[in-house]
Amino acid sequence: MTADTVGGVWNYSLELVRALAPFKTEVALATMGARLTEEQRRQADEIDNLTVYESEYKLEWMEDAWEDVEKAGKWLLELKDEVQPELVHLNGMVHGALDFGVPTIVVVHSCVLSWWKAVKEEDAPKEWDKYKELVTRGLQNADMVVAPTQAMMNQATALYGPFKKNAVIYNGRGQHGFQFGKKEPFVFSMGRVWDEAKNISMLAHIASDLGWPVYIAGDDKHPATGKTVNLENVHFLGQLSEKEVSDWLSRASIYALPAKYEPFGLTILEAAMSGCALVVGKTESQAEIWGNAAKYVDPSSADELRDTINNLIEDEFGRNIMACRAVKRSHGYTSDPMGQDYDHIYRQVMKQTVTV
């Protein structure tokens, strides 16, 4: 399995590896993007059915990445010869075109072209043509393409399809890591602050107009450019450990992430499991996941975001109803069904490939 260390795919991968343990599945995890942090290394060390192979190769969505992506491909093929896996699970798309000689599934967690359309409201510029070509080849060569929502699958199919086979498997989190604590009067948000899609800067922009303080956790430094984002009017907490995140979420009354683009959103799921009332960007994927268990805002409207959060602040009864709905809905996105679904498609793909 491949994973990058600079986004939500890291948490997704570890959660999936844990969920595959009951099926006696051993995972060799090849990491790219950046070296593991001490916290990530500690997380990985705690998982018995996991072996990590580390690299710093650039990811396919980073600038001037193609030389690194090619080197990473050679490294993955060498690793395949060393590990001798029965199946390859890629969480990046370009390497789906490599001849691993065993069944290959590729998961579309997100992509530059759909990101660009949602965030910039226009098609990606010509410099991303090579990305489109190589991602298309990678996905069309995979034995199975998986997406975390039907909305993301529809976008991927329209941009890069058709695929040999496809399946939607919702991401999951282990509920044991999150608890419903005594709620306090503050708004919380977290994520890649540098990612325009998360739209966290808009939350910071309206924070001084809210009845409660706003606390934001996450990475404010872009991994490719090194630029740092400055947030006004909020308490910026920086990057927190898993335990610290769990503590903040257990105490937060409202979780706000007015994202313009969020194909799944693990942090929103963690907030729901912690009993926060949810305020999220109105996108097709979020509506699919949360139904009536979240308040939706137009990601381009700061006024709507401000009014929606203030309404929840002033309406304790309504806030509690939304928190209860979020908790109930989160029960549908735990790690066990995710593990079962992946085990099922792994076996299905292996069986079909052998038959062919």
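In which loop does glutamine 84 lie? Glutamine 84 sits in the loop between H3 and E4, where helices (H or I, at least four residues) and strands (E, at least two) are DSSP runs numbered from the N terminus. This is a predicted model, in which local features need pLDDT of at least 70 and side-chain atom pairs count only at pLDDT 80 or more, while totals for chains, interfaces and linings use all residues. Residues are numbered from 1 along each chain as its sequence is written, and side-chain values use heavy atoms, with hydrogens and water left out.

The phi angle of glutamine 84 is near 55 degrees, a positive value in a residue other than glycine. At 58% relative accessibility, glutamine 84 counts as exposed (over 50% relative accessible area; buried is under 20% and partly exposed lies in between, with a 1.4 Å probe and protein chains only). Aspartate 64, in the loop between E3 and H3, also has a positive phi, near 50 degrees. With a relative accessibility of 69%, aspartate 64 is exposed. Helix H3 itself holds glutamate 70, which is exposed at 52%. From glutamate 70 to glutamate 314 there are 244 residues in sequence and 54 Å in space, C-alpha to C-alpha.

Rolling a probe the size of a water molecule over the atoms shows where empty space is left. A pocket is taken, on a 1 Å grid over the protein atoms alone, as an open set of points where a 1.4 Å probe fits, with protein on both sides within 12 Å along at least five of seven lines; lining residues have an atom within 4 Å of a point. The second largest pocket holds about 670 Å³ of space, a volume being the space filled by probe spheres set on the grid points, which are joined across faces, edges and corners. It is lined by 28 residues, and Glu26, Val27, Pro85, Glu86 and Leu87 are the closest to its centre. At least two lining residues come from each of strand E2 (27–32), strand E3 (50–54), helix H3 (66–83), strand E4 (88–90) and helix H13 (335–355). By class, the lining has 17 nonpolar, five polar and six charged residues (Ala, Val, Leu, Ile, Met, Phe, Trp, Tyr, Cys and Pro are nonpolar; Asp, Glu, Lys and Arg are charged; the others, Gly among them, are polar).

Strand E1 (residues 2–4) runs parallel to E2, joined by three bridges; two strands pair if DSSP finds at least two bridges between them. Aspartate 4 has methionine 32 as its bridge partner in E2.

E4 belongs to an open, parallel sheet of four strands in the order E4-E5-E6-E7. E4 and strand E7 (166–168) stand at the edges with a single partner each, so one side of each lacks a neighbour in the sheet. Neighbouring strands here are turned by 20 degrees against each other on average, direction ignored (axes are lines fitted to C-alpha atoms, for helices over the stretch in contact, and angles run from 0 to 180 degrees between N-to-C directions). Strand E6 (residues 144–147) pairs with E7 over three bridges, and alanine 147 has valine 168 as its bridge partner in E7. In the loop between helix H6 (150–160) and E7 lies proline 162, joined to glycine 161 by a cis peptide bond with omega about 5 degrees.
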